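Thanks for coming. I will go through one model today, starting with its overall make-up and ending with a few single residues. Please have the structure open.

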Amino acid sequence: MSFFKKDQMLVVACAFGLESLVSDELRKLGIEDVHTENGKIRFRGGEKELALALLWLRTADRIGIEIANFKAESFDELFDQTCALPWENWLPVDAVMHITGRSHKSKLFSVRDCQSLVKKALVKAMQRKYKHQTLPETGALYKIEISMLNDVATLTLDCTGASLHKRGYRSDAGDAPLKETLAAAMVLLSRWDPSRTLSDPCCGSGTIAIEAALIGLNRAPGLKRSFTAETWPDADKKLWQSLRAEAQAQELPGDFRILASDMDSKVLKKARQNAINAGVEEQVGIQTLSLGEFRSRKKFGVVIINPPYGERIGERTIVEMLYHDLKALMDEADTWSYFILTADHELETRINRKASKRRKLFNGKIPCQYYQFWGPLPWSKE
Ligand SMILES: C[S@@+](CC[C@H](N)C(=O)[O-])C[C@H]1O[C@@H](n2cnc3c(N)ncnc32)[C@H](O)[C@@H]1O
């Protein structure tokens, strides 16, 4: 028996502000009917769609199967409705059941109590179905989340394992590394393509440059890692293998170069190692340079940076120097486009320029603006 249905409700979780990017990525995978909410995208699909999304989504955090959604204002309601669900449709008799939880604006606010109650209800349902007094819990891991929001309980079976931003290449991060998913989003929003020079002159551990290289190579971000759903006993191993092989065959030639530089040579050691781990050391050139020293003879290039925000003690002077150098660069390389992620709401005043567009994004919990200064496009000058 297969626990994977052809037509399940799959839920993708992502950072606030990235929903439309995730939806676009899903559409590119041929998944049309996507429904977007705050931090969530739902679509219907089977194991193939799930595997494709896990392998290919660059901007999402995790994917789960939504098992049920119901009103629960008391523990009895939560228990009874959880217990009534046909859990045997998803979980084998030897499943290791791990319950996680969260609660927001709900009468059932104790996450611990919700978790332990869901576990009890789940065990009771499984014992009833499989006619076992005790469940061995010796098989594959099934992580179920109970999420309470406005007194509605949602039960989701996680298919991901470690969050999707963990591509498997980052052995070492800098002081304030960007999540890989956010770095990929910044590159996708810049509409960069490998025919244009790309540079991150404040690259830290190199996340933006590495994610851009993976995009330029059309390399599936999940190729180097595994996912919980493929460890389940009923997973179609051949399907996963063939989707990985197809992904590899879709890789494009890497005849482009991305410039990654930073004034801190120590952090660049980490960037180098990360680029090697990601297999993009040919595409990412790493150099110790301050922004003031960075210049390129190329035209119509793209700069994407995540500078320090100037919030930590002693950082303000570094940031002021950086803005001064950035302004000079923007004056000089005026055919380039500039994309800057910062929590500094005064950026436009400080560099005396109005952004073509701004977009609210979150760097972890920090609300930021993604300032976009569009230069001319290469073909508009031909
Ligand atoms: C927030 S961190 C970037 C983190 C990076 N995106 C990552 O994922 O690891 C900011 C970086 O800007 C660098 N930086 C600050 N001022 C600079 C300047 N004037 N020139 C070059 N790099 C600078 C710092 O050394 C630091 O590595």
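The protein has ten helices and 14 strands; helices (H or I, at least four residues) and strands (E, at least two) are DSSP runs, numbered from the N terminus. Before going on, this is a predicted model, in which local features need pLDDT of at least 70, side-chain atom pairs count only at pLDDT 80 or more, and totals for chains, interfaces and linings use all residues. Residue numbers start from 1 along each chain as its sequence is written.

First, overall dimensions. Along the principal axes, the C-alpha atoms fill a box of roughly 75 × 45 × 40 Å.

Of the 382 residues, 41% are buried. Here a residue is buried if 20 or more other C-beta atoms lie within 10 Å of its own, exposed if 12 or fewer, and partly exposed in between, with C-beta atoms placed from the backbone. Among contacts between residues at least 6 apart in sequence, 78% join residues at least 24 apart. A contact means that the two C-beta atoms, placed from the backbone, lie within 7 Å.

Next, the domains. The division is into domain 1 (8–158) and domain 2 (180–217 + 252–381), with bounds that come from an automatic or database domain assignment. Their C-alpha centres lie 37 Å apart. Nine residues from domain 1 and nine from domain 2 make up the contact. On the domain 1 side there are five nonpolar, two polar and two charged residues. For these classes, Ala, Val, Leu, Ile, Met, Phe, Trp, Tyr, Cys and Pro count as nonpolar, Asp, Glu, Lys and Arg as charged, and the others, Gly among them, as polar.

What is in the largest nonpolar core? It has 103 residues, and those with the most contacts inside it are Val-12 and Met-186. Each of the two domains, domain 1 and domain 2, gives at least three residues to this core. By nonpolar core I mean a set of buried Ala, Val, Leu, Ile, Met, Phe, Trp, Tyr and Cys residues joined through C-beta atoms within 7 Å. Leaving out residues up to four places away in sequence, Met-186 touches Ile-208, Ile-304, Phe-339, Leu-341 and Tyr-370.

Now the ligand. It is surrounded by 23 residues, the closest being Cys-202, Gly-204, Ser-205, Thr-207 and Leu-291; the criterion is a C-beta atom, placed from the backbone, within 6 Å. Helix H6 (207–216) and helix H9 (315–332) are the elements that give two or more residues to this shell. H9 provides the largest share, four residues. By class, the shell has 14 nonpolar, six polar and three charged residues.

Last, single residues. Phe-43, in strand S3 (residues 40–45), counts as buried because it has 23 C-beta neighbours inside 10 Å. Phe-43 and Met-9 are 34 residues apart in sequence but 6.0 Å apart in space, C-alpha to C-alpha.

Arg-191 is not a glycine, yet its phi is positive, about 60 degrees. It sits in the loop between helix H5 (180–190) and strand S8 (198–200). Arg-191 counts as partly exposed because it has 13 C-beta neighbours inside 10 Å.
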